[in-house]
Amino acid sequence: QLQLVESGGGSVQPGGSLTLSCAASGRTSNGYALGWFRQAPGKDREIVSAITWNGGGGTFKHYSDSVKGRFTISKDNTKNTIYLQMDSLKPEDTATYYCAATFQNSRLTYTYTRYYSTWGRGTQVTVTV
């Protein structure tokens, strides 16, 4: 079984930066993607970014329009860890951020929350003056 643990959340001022980490352990395998999601109070959980973990065809990366150009997703396969570098943070980025894994083979599914089956417990990010 795969376990995911997020870290790196905190409180920053607008314009600041944070880097989130998601460490995977347990049953890691080829051919899946990991994604970052966020959920603000009273709102639905939404995808922020996703990256393929293994498999052929090169690395696929996805960013939601709201974070494109400000957030960067990356991975370190040797550490079984993905990262989310968040720059130019805005108050609307405030949310609990979750890491999740999907075992779907089709990259077409990687932007949809419902295809992610394993979730971490989340880490809080607060952007406030």
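**View 1. M86 and the residues around it.** Leaving aside residues up to four places away in sequence, M86 touches G16, S17, L18, L20, R70, F71, Y97 and V125, where a contact means heavy atoms within 4.5 Å. This is a predicted model, where local features need pLDDT of at least 70, side-chain atom pairs count only at pLDDT 80 or more, and totals for chains, interfaces and linings use all residues. Residues are numbered from 1 along each chain as its sequence is written, and side-chain values use heavy atoms, with hydrogens and water left out.

**View 2. The largest nonpolar core.** M86 turns up again here, among the residues with the most contacts inside a core of 28 residues, along with L4, W36, F71, I82, L84 and Y97. A nonpolar core is a set of buried Ala, Val, Leu, Ile, Met, Phe, Trp, Tyr and Cys residues joined through side-chain atoms within 4.5 Å; buried means under 20% relative accessible area with a 1.4 Å probe, protein chains only. Elements giving two or more residues to this core include β1 (2-7), β4 (33-39), β8 (81-86) and β11 (123-127).

View 3. The protein chain has 11 strands and zero helices, taken as DSSP runs (E, at least two residues, for strands; H or I, at least four, for helices) and numbered from the N terminus. Buried residues make up 41% of the 129 in the protein chain. Of the contacts with a separation of 6 or more, 58% come from residues 24 or more positions apart.

Conventions
Buried < 20%, exposed > 50% of the residue type's maximum accessible area, 1.4 Å probe, protein only.
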